[in-house]
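Work through the exercises below with the sequence and the model in view. Try each task before you read its solution.

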Amino acid sequence: MGTDIKMSTRSAVERYSDALVGLSRSIHAEPEPAFAEHRSAAKVADLLAAEGFEVDRGVADLETAFTASFGSGELVLGLCAEYDALPEIGHACGHNVIAAASTGAALALRDLADELGLTIRVIGTPAEEVGGGKVLMLERGVFDDVAFSMMVHPAPYEAVAARSLAITDVEVHYTGKPSHAAAAPHLGVNAADAITVAQVAIGLARQHLEPGQMVSGIVTRGGTVPNIVPARTSAMFDLRADDLDSLRRLEERMNRCFEAGAVATGCTHEVVKVSPVYAELTPDPWLADAYRRAAIELGRHPLSPEEELKEKIGSTDMGNITRALPAIHPTIAIDCGDAVNHQIEFATACASASADRAVLDGALALAWTIIDAATSAEQRTRLLSRVSNHFGEA
């Protein structure tokens, strides 16, 4: 990568620093949950449109999804922008930082698009926390012509080839029969008991789960009043595993636990998938190495590859993207004390000077990684082959 190109992107990020930090802070101040991120998506799309990007809103039949493109090069880059928040605790996963960093990388590269033979595309991806926006967009063709993709996610630590767990979200609904809890309890069929039996079965099964398998859940409907035998109850569970094969085995085991609640109480039950299945991250090794070099040059301190293997970042629908095309999902450290993602203290940290710095450093590290890929003849050929093979198979 030439010094002139580096200086150009650094100057661009500095020039847009107020706008990028302002974007991050504005999204943070108005958190919106999955598929309802109307203001957040508009803030990102409007900024890019004002800077000359061609914006297509409501793509893939998703109201809060968009694409914003600049350039006409054959090498199409997809910068994913997340912006959904968590119920009650807002941007406790820092998606405001993600959206602003991807926007910053796009703006840093805009004036170099022709020189690099790039089409720069910011892909606004709703509903990462639940709903699988990227999975839906992948299935509906948004990534068909994208040669490679990336984003950067705030975290308590810096990881380049970050690991994640495969996940499926399910709701379990039990249906019994109401009755007076004192006068005629024997005539009722208790759906709350069904959930209890299922939870006990899951708790006992935990000793025998495979390494990397996890189950967490909450009761979302437990009855109405205590003097009526509950006739309808529901619970929601996250099932996670190291990879999709392990996740399928875990799901089979948990389905037997759910069935146990129904069999023991005489209820009927239904298991419904809440979101598409998220695959585990499989980051592209070359892109990860290029990002590592960029992060280190910016004075950041990513974990070693050996240390990265010990860390897990939860689950993300970016895993499905990394399985479909060359992509990375590094994390960028912010000062958050002892807090971790999905804690209210982490939400506070995502609107701090440290998070502002992560927006700008993240944008520049992504931009430098993209430039490395676009200017390497070997990597350019490799990345373009993915698209030609995709359309060749079609």
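**Exercise 1. Describe the fold as a whole.**

Solution. Start with the contacts, meaning heavy atoms within 4.5 Å. Among contacts between residues at least 6 apart in sequence, 80% join residues at least 24 apart. This is a predicted model, where local features need pLDDT of at least 70, side-chain atom pairs count only at pLDDT 80 or more, and totals for chains, interfaces and linings use all residues. Residues are numbered from 1 along each chain as its sequence is written, and side-chain values use heavy atoms, with hydrogens and water left out.

Next, take the secondary structure. The protein has 14 helices and 12 strands. These are DSSP runs numbered from the N terminus: helices (H or I) of at least four residues, strands (E) of at least two.

Then check the size. The C-alpha trace spans about 85 × 40 × 40 Å along its principal axes. A compact globule of 394 residues would have a radius of gyration near 21 Å; the protein has 23 Å, which agrees. The radius is taken over C-alpha atoms, and the globule rule is 2.2 Å times the number of residues to the power 0.38.

Finally, look at burial. Buried residues make up 56% of the 394 residues. Buried means under 20% relative accessible area, exposed over 50%, and partly exposed in between (1.4 Å probe, protein chains only).

**Exercise 2. Count the aromatic pairs and classify the one between phenylalanine 53 and phenylalanine 70.**

Solution. Apply the rule first: rings of Phe, Tyr and Trp (its six-membered ring) pair if their centres lie within 6.5 Å; planes under 30 degrees apart are stacked, over 60 edge-to-face, the rest tilted. The count is three aromatic pairs. The centres of phenylalanine 53 and phenylalanine 70 are 5.4 Å apart and the planes stand at 45 degrees, so this pair is tilted.

Now place the two rings. Phenylalanine 53 is in the loop between helix H3 (38-50) and strand E1 (54-57), and phenylalanine 70 is in strand E2 (residues 66-70), 17 residues apart. Phenylalanine 53 is buried at 4% relative accessibility. Phenylalanine 70 is partly exposed at 25%.

**Exercise 3. Classify the pair of phenylalanine 66 and tyrosine 83.**

Solution. The ring centres lie 6.2 Å apart and the planes are at 10 degrees, so the pair is stacked. Phenylalanine 66 lies in strand E2, and tyrosine 83 in the loop between strand E3 (75-81) and helix H4 (95-110), so the pair ties together parts 17 residues apart in sequence. Phenylalanine 66 is buried, at 1% relative accessible area. Tyrosine 83 is buried too, at 0%.
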